[in-house]
Amino acid sequence: MAVTHASSEDFVIPAPAVPALAVEGGGRFPVRRIYCVGRNYAAHAREMGSDPDREPPFFFAKPADAVLPGGSLPYPPHTGAYHYEVELVVALRSGGRDIPVSGALSHVYGYAVGLDMTRRDLQNAAKNTGRPWDLAKGSDFSAPCGLIRPAAKFGLPQAGGIRLAVNGAVRQKGDLADMIWSVAETIAYLSGFVALAAGDLIFTGTPDGVGPVVPGDTMLAHIDGLDDLSVTVI
């Protein structure tokens, strides 16, 4: 069924603002959807109690307006275990269905450093009962994301250090080369299930070392070749 796109004059309530992220060199990247890959680093899969073998990737989603361009991050309600996960974020310029691996990177606009903030206690409870992860992964401002660097300036996302420090102490440290599924493979696989499009963000998984933060903590997320992302929990 085709989706009807009404003009702003037809809306019965004020139209929500379009979430957007800053781009290196100027301009804004409008966010359409946010997809996240689960357990895409073997060491993190092990710390989450899973088999790190190269099984097909799985995905979950966050609301588009969960993006936060750094700064202050409100601690969400109904959790006592708010965890950080530093990730490479892929911003798409175009999309489609059944994208081949060989052509997947041509759909990438750029890359950024991101945080998949997670109410771990709610996630664990959902896992134990077989329920969805939405409230664990999709809380307000749960997708902090740094400045997007165009792909032509960043190069191929094949290797490079990725780390996260909390109050100056390094908690996560890995390399993009450790991803089980590459960026191109992830785009291709996901496009077999949904039609990707310009404005989509893909969070590509996190290395091991995830853990909790509390109000007053400052996180500094880093990936070689990209702008750092600094977030303080309030």
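This is a predicted model: local features need pLDDT of at least 70, side-chain atom pairs count only at pLDDT 80 or more; totals for chains, interfaces and linings use all residues.

User: Great. How many salt bridges does a search of the whole structure find?
Analyst: The search finds 7 salt bridges.

User: Which residue does aspartate 200 form a salt bridge with?
Analyst: Its partner is arginine 32, and the closest N and O atoms are 2.8 Å apart. Aspartate 200 sits in the loop between helix H5 (183-190) and strand E15 (201-203), while arginine 32 is in the loop between E2 and strand E3 (34-38), so the pair ties together parts that lie 168 residues apart in sequence.

User: Is aspartate 200 buried or exposed?
Analyst: Aspartate 200 counts as buried, because its relative accessibility is 0%, and the cut-off for buried is under 20%. Arginine 32 is partly exposed, with a relative accessible area of 34%.

User: What about glutamate 24, which residue is its salt-bridge partner?
Analyst: That one is arginine 149, with the closest N and O atoms 3.2 Å apart. This pair also links distant parts of the chain: glutamate 24 is in the loop between strand E1 (20-22) and strand E2 (28-30), arginine 149 is in strand E12 (residues 149-150), and they are 125 residues apart. Arginine 149 is partly exposed, at 23% relative accessible area.

User: And lysine 137, what does it form a salt bridge with?
Analyst: Lysine 137 forms one with aspartate 116, the closest N and O atoms being 2.8 Å apart. Lysine 137 belongs to helix H3 (residues 134-137), and aspartate 116 to the loop between strand E9 (108-115) and strand E10 (118-119), 21 residues apart. Both lysine 137 and aspartate 116 are buried.

User: Switching to sheets. What's the strand order in the open sheet of 6 strands?
Analyst: The order is E4-E3-E15-E8-E9-E12, and the pairing is mixed. Strand E4 (58-62) and E12 are at the edges with a single partner strand each, so one side of each has no neighbour in the sheet.

User: In what sense do E8 and E15 pair?
Analyst: E8 and E15 pair in the antiparallel sense, over 3 bridges. Valine 89 has phenylalanine 203 in E15 as its bridge partner.

User: Which strands does H5 lie across?
Analyst: H5 lies across E3, E4, E8, E9 and E15, and runs at about 60° to E8.

User: What order does the open sheet of 5 strands have?
Analyst: That sheet goes E6-E18-E17-E13-E14, again with mixed pairing. Its edges are strand E6 (71-73) and strand E14 (169-175), each with a single partner strand, so one side of each is left without a neighbour in the sheet. On average, neighbouring strands of this sheet are turned by 20° against each other, direction ignored. E6 and strand E18 (residues 229-233) run parallel and are joined by 3 bridges, with leucine 73 standing opposite valine 233 in E18.

User: Last topic, backbone angles. What is phi of histidine 78 near?
Analyst: It is near 60°, a positive value in a residue other than glycine. Histidine 78 is in the loop between E6 and strand E7 (82-84), and is exposed at 69% relative accessible area.

User: And where is aspartate 98?
Analyst: Aspartate 98 is in the loop between strand E8 (86-92) and E9. Aspartate 98 also has a positive phi, near 50°, and counts as exposed at 58% relative accessibility.

Technical notes
Residues are numbered from 1 along each chain as its sequence is written. Side-chain values use heavy atoms; hydrogens and water are left out. A salt bridge is a side-chain nitrogen of Lys or Arg within 4 Å of a carboxyl oxygen of Asp or Glu. Helices (H or I, at least four residues) and strands (E, at least two) are DSSP runs, numbered from the N terminus. Buried means under 20% relative accessible area, exposed over 50%, partly exposed in between (1.4 Å probe, protein chains only). Two strands pair if DSSP finds at least two bridges between them. Axes are lines fitted to C-alpha atoms, for helices over the stretch in contact, and angles run from 0 to 180 degrees between N-to-C directions. Contact means heavy atoms within 4.5 Å.
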